[in-house]
Structure formats: structure tokens, C-alpha cells
Amino acid sequence: MFWRNVYAVTKSLPRAQLVTGNIKASSVLARSIHSVSRSKNFVYSPEVIEAINKQLPIVALESTIISHGMPYPQNLETAKAVENIVRENKCVPATIAILDGKVHIGLDEEHLQKLASLGTSPKKTSRRDIATVVSEKSNGSTTVSGTMVLAHNAGIKVFVTGGIGGVHRGAENTMDISADLTELGRTPVAVVCAGCKSILDIEKTLEFLETQGVTVTTFGEGAEFPAFFTPKSGFKSPSNSKSIEACASLIKASIDIDMDSGIVIANPINQKDAADTEQIQAAIDQAVRESVEQNIQGKEATPFLLQRVNALTGGNSLKANIALVKNNATIGSKIAYELNQLLKTSNVTDTKTTKSPYVEVKPMVIGGCALDVTSTMTEELTTMGTSIRGKSRNSLGGVGCNIAQAIYRLGLNPTIISAVGSDSSGDVVRSKMNEIGLNTTGIATLPGYSTAVYNAVHDKNGDLIIAVADMEILDNIPSALVKDQINEKKPKFVCFDGNISPDVMTTIAEECQKFNIPALFEPTSVPKSLKLLINPRTLECRSVKYITPNNYELQAMSSKLANTRRTDLNVSLIDAFSKEFTFKKMESTSLIKDSLTLLPWIDHLLIKLGGDGVLLARRIQSEYANTSITAEQHFEYDGGLYGFKHFHGIPNVPVVNVTGAGDSFVGAFTSGLLVHGHNQLEKTLNLGQLVATLTLQSHQAVSEKVTPELLKL
């Protein structure tokens, strides 16, 4: 039910189309995850979208068999039956076709009915024809070649069909060779079929596949290559895969070594369903003679031959065709399911959490996942408007992702809720998350949006000069996703950052209030800090117990609320308190004023002061403030009691990179709260500063030196 809600929300987003895509990255698991094709011409069925986001196995199905392979209504009945077989074997069917110029990955019942009823009018569409059909906004039924291209773009690794095309008889004169064979040589998709159609020259087809470097194997007990309507052709496959597991292992091996060619898994038709060999051969011979006499060539040849063979066999060939397609769907789905399991289990990098005593602690982080592009100058900047020498690197970033990564590295098991877009950057983000070991099941793919990118330029000392943040997608994370995940997982603690929309923030506050879950807000920037205050309901819920602003974000939030609070503070108390600080008196006075403006709604403010450390400001009467803090200064203000303490920064830290230090602090603070409890606030704050310091000395957004051992200090 939840993903139907997400679909409804997604459908209303500006520029949205329904989508998926492919990950081609170094991580084995990442390659099994579906992301979104960036083309606005792609449309994805709700069932496929759900499979993409839940990382379920998907099986591609062609559509030429519907429009050109069988008459109506057998084509519709067979298409539905095949899709149901795929579902029965724990996979999701994705019938691929082009309707009104839109590439459909998965057809709902309405679209399936439309395609089946159009007869042979949709253009038979191979790779060559895809752009033409799309540009003309017409209809196209995809061949094996066309389906492979689009399935690969959608990240689908297994494709089920009846039979592949091949070398036509007499090709030495006509050069009539199916585009399926060259596609198999350059597109890494496994095609489960009943061999090539027996109207073709099977011997030359196998030779051509060898030339193209295509892996060919026969599924079952023997290596006999099937002849479509019958299980034997008289020719052998180069290899034999006796089991589902062997087929899945073969595909995975091809993925692991980055093969750019396809695999033919030849699945012989069951003997009980096979057509009579002599009858079929006689019909084929006659049909071929007639095609030569009538000069039928090219893409018209195969439909003509199949129709004549069916007529000459009294419909027996059609019955066999339907049976073999269903058999292929059963075997192909089982292979796809096993492959999906292999890909999920083969990249287990979670060595920290499996050894950590805190692995069962599962906080939730809601916020930004991004690709960080960091450029650091290696020489002094003397003039603007020109290039300068330096070094650039890409890394996993985004505030929410960094917080989750810090929590994960400390040995806890966070759920992260975020979104990536329809581009290669999203593929990289998912890949890097999986390489670390972060669970990506809460990462939605939003159509029509680009993955968030944070592009930062640092001086030679590692200090930030300027950054460009493209975070539009994060404002469109669906509230339905967040609500459902909190209701389903009921985490002990929720962190969220300022990249998400005010509506989502309110949803978080309301759901956390419902289940009595404390939440932490990381403002992220001055403009984004104000999102928390847009809907008064967000603070009225009283579930946001912690905020981690810097002094600029604190000032902005305080100013926004200034008309609701008095600021006539007891100056003598402020003067006494300010002597404890290493920074200027006026700054400390301003921090205290701004803190008191927010504290009636928030239990704790952790004000990040860079190299000067952290100022803790808290509301003493809070249920989460039931512990004493050494050397804490207390203030009575407007009938409330508030505490303040300055935690000095760690001195003489060599700074390599400032990106991620604040996020590391938040992740460590969250981990400390969950492991040590709210009554160990000082210990938790010191942990946060230590982890932030380690990140300052690292090129990573979260230092790799962060381990579960730090929680024991």
C-alpha cells in the first residue's frame, strides 16, 4: 500500500515521469540495484517502480511476441499468463514497448490490452528503430535487440523471450542476419530462450554468436542446442548449465569481470509440449520456399515464416510456441531470483556492525544523499576569474548520508531515507553507499530530478572558499515515504537535516510525537535552518529535542522567532557567563540570547563553534535533561531554568578537509545518546568532538578511523 502512495505522490511532482535505470559500478551489489533512466521519454509501471526501490528481481519481456508473434486474443492471454508466471516465481515482470513515443518499462493492464489489440500495426522495433519510433511519437513493439537495449538501460539483467533471431537460410547471398546477434555481442543482458527459431540456419547462428563473443549455454542435463519448437537441433552449445544456480553464477561471473556482451541461456522446450519434428521441418521447408518465391526479406521474413508454419501445422506450432514461452518464463524467473540473492549476499562488507555489540541499535536518518565534488587548490589564489592548479576528487556526501555513515562506522545500524535522481551520479551514490555497507532500501529514485551534487572549492589549507549545492531533489522526498518508514520501523531516534521540505519536517515531528521518538534537527545552512519554523506545528509537537546549529544558523532561527520571545536578559548573569569563553563578549552574549529564544521549544541546542568547540544550551526541566553537567552555568529566564556550558575544541588539529566534520559530530552524538543514554551527555558531546576531529584530518566526508571502539572510550 505504501508504494502505491509513493507512486501517487511521485505522479504529482513537477516534470515527473515514472522511471528506473542501471548501475554499472565497481560494487557487485550496486550493479544489481535499479536507478532511473534520465530520459523524460521513459515511463515505468507502478509495479516496476516498487521493485526498483525494494531491490526486487525484475525480468524483462519483449513485446514483438505480442504484436507480431501471435494473433489476438492468444497474444493477450499469453502475455498475461507469462507475466503471472514471473510473479509466481518471486520476480516482477517488465514487458517493454513503446507507446505514443514513450518507452514503457513494464505495462499495466490497460497498456497491455492496448498493445495486444493493435495487431501488427506497431513498428517492429530493434535498436535501429528506437529513436525513430520515439521521435515520431508512434507505437513500437520491441524485438530481442530492442528489448535488450532498453532492459540494459533499466538495469535489468535477465530477459525472457521465446527465441532469438539468427542467421537466415541463404544469408551468404542475402546477408540477412538478425540484429539480435550483434546486440548480444555488445549488451550485457542474459537472454533465456528456446534457442533460435528453427526457420533459421542454426549452425551459422551459433558460429556468428561465437564471432561476437557471446556466451552460449544450454540449461538442463545436456548441451544440445534447442531448435525452438523441438528440444534438439543436432548442434551443441559451447557449455552446459545443469541448474538454476549454475545459470545465476554464470551471469554473476560475467557481471563481476565487467563483460560487455550478453549471454544466451538456451532452455529446451519440454518434450511433452514439443511439436512433431518431421511435421515442423516439412512446414519450415515449404514456408522458406514460399518466402523466396514471394521475395519476402528483412524484418518481414520472420513473421511471414512463423505464420505459414503455424498454418501448415494446423496450429501445432503456435501451441508449442506458447508452451515454450511459458517454460522460459518459469526458468528465467528462477534464474533472476537466484541472481538477485547472489548479488545481495556477495558484497557483505558489514564487518564492523557484525562485530559490534550495538548492531541492533537502529536509528533513522532522513535527509540528503549527494555526490561531493571537492577541489583543493595546491597554490595560492592571487586573482579571480582564472584557473588554478589543484586536485579534485569525488566522494559520497550529503548531510543525511554523512550522519548515517558516522553512525554506521560506530557500529550502529541506521536506516537512511533519501532520494537520488535519474542520472549517473545517482548510480555512483548508491554504489558508494553499498561499498561502505549502508543499507539503501530507503533510498527512493525520483523521476525527472538530478541527484544532489555538492561542489566545493577549498584553499590550500583545506578551508572552504565557495561551494555550489544542487539539492532540489531533496525538497521532493515524499512525505508518504517518511511516514511509512517511521510507522514500520519505529526507530529509537530520528535525525533529519535541513535539505528536506518543511512538509516532511512536520511529518517527522508528528510521527515521532505519535511514537514518543526523540528527534534531532541538523540545520545544514542559514536558509535551510528556517524551514523548521515555517509550519508552527513542527515545534508544537515537541518531538524535536535536539538542534545542532552553528552560530549563524542559530541567529537566523532566533531572529525568525524574536517577535514571540523577550530578549531583556539579565546582563550581569551574561557578563559572568561570558568570562568562561575564549571568544569575544558580544558574541557570547548574542549566543545566549539566541539560545534562549529557541529553548522554550527545544530541549537541547548543540551550537557548533568550529575550532572553538561546542556550546551546550539546554532546558533543565526537560525529561532529557535529568543529569547534571559539571561547571554548567544556569540561567532563570521567563519562568524557565536553562543551562549553558562551553566544551572547548581539541587544539592543534591539522585540517585536511572541513567537509563532513559537522555531520560526523551529529552522527557520533546520536550514537552516543543511543548507546550511553541521555544521562551521559558530557561523554556523548566529547565523542562527537573526537569524531569530528578525525574527519577534519581525513579526505573522506567521514573518517575511516571512526570505529565502534570509540564508543568504549
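**Close-up views of a predicted model**

View 1. Because 11 of the 11 residues of the helix (399–409) are buried, H17 is largely enclosed by the rest of the structure. After H17 comes Gly411, which has a positive phi, near 105°.

View 2. Zero disulfides are found when the whole structure is searched. Cys196 takes part in no disulfide: its nearest cysteine sulfur belongs to Cys193 and is 8.1 Å away, whereas a disulfide requires sulfur atoms within 2.5 Å. Cys196 has a relative accessible area of 0% and is buried. Cys91 also counts as buried, because its relative accessibility is 4% and the cut-off for buried is under 20%.

**View 3. The four-stranded sheet.** Four strands form an open sheet with mixed pairing, in the order S14-S13-S17-S18. Strand S14 (390–397) and strand S18 (464–470) are the edge strands, each pairing on one side only. On average, neighbouring strands of the sheet are turned by 15° against each other, direction ignored.

**View 4. Pairing of S17 with S18.** Strand S17 (residues 452–458) and S18 run antiparallel and are joined by six bridges. His458 has Leu464, in S18, as its bridge partner.

**View 5. Helix H18 on the sheet strands.** Helix H18 (residues 424–436) lies across strand S13 (370–377), S14 and S17. Relative to S14, H18 runs at about 70°.

How values were computed. Residues are numbered from 1 along each chain as its sequence is written. This is a predicted model: local features need pLDDT of at least 70, side-chain atom pairs count only at pLDDT 80 or more; totals for chains, interfaces and linings use all residues. Side-chain values use heavy atoms; hydrogens and water are left out. Buried means under 20% relative accessible area, exposed over 50%, partly exposed in between (1.4 Å probe, protein chains only). Helices (H or I, at least four residues) and strands (E, at least two) are DSSP runs, numbered from the N terminus. Two strands pair if DSSP finds at least two bridges between them. Axes are lines fitted to C-alpha atoms, for helices over the stretch in contact, and angles run from 0 to 180 degrees between N-to-C directions. Contact means heavy atoms within 4.5 Å.
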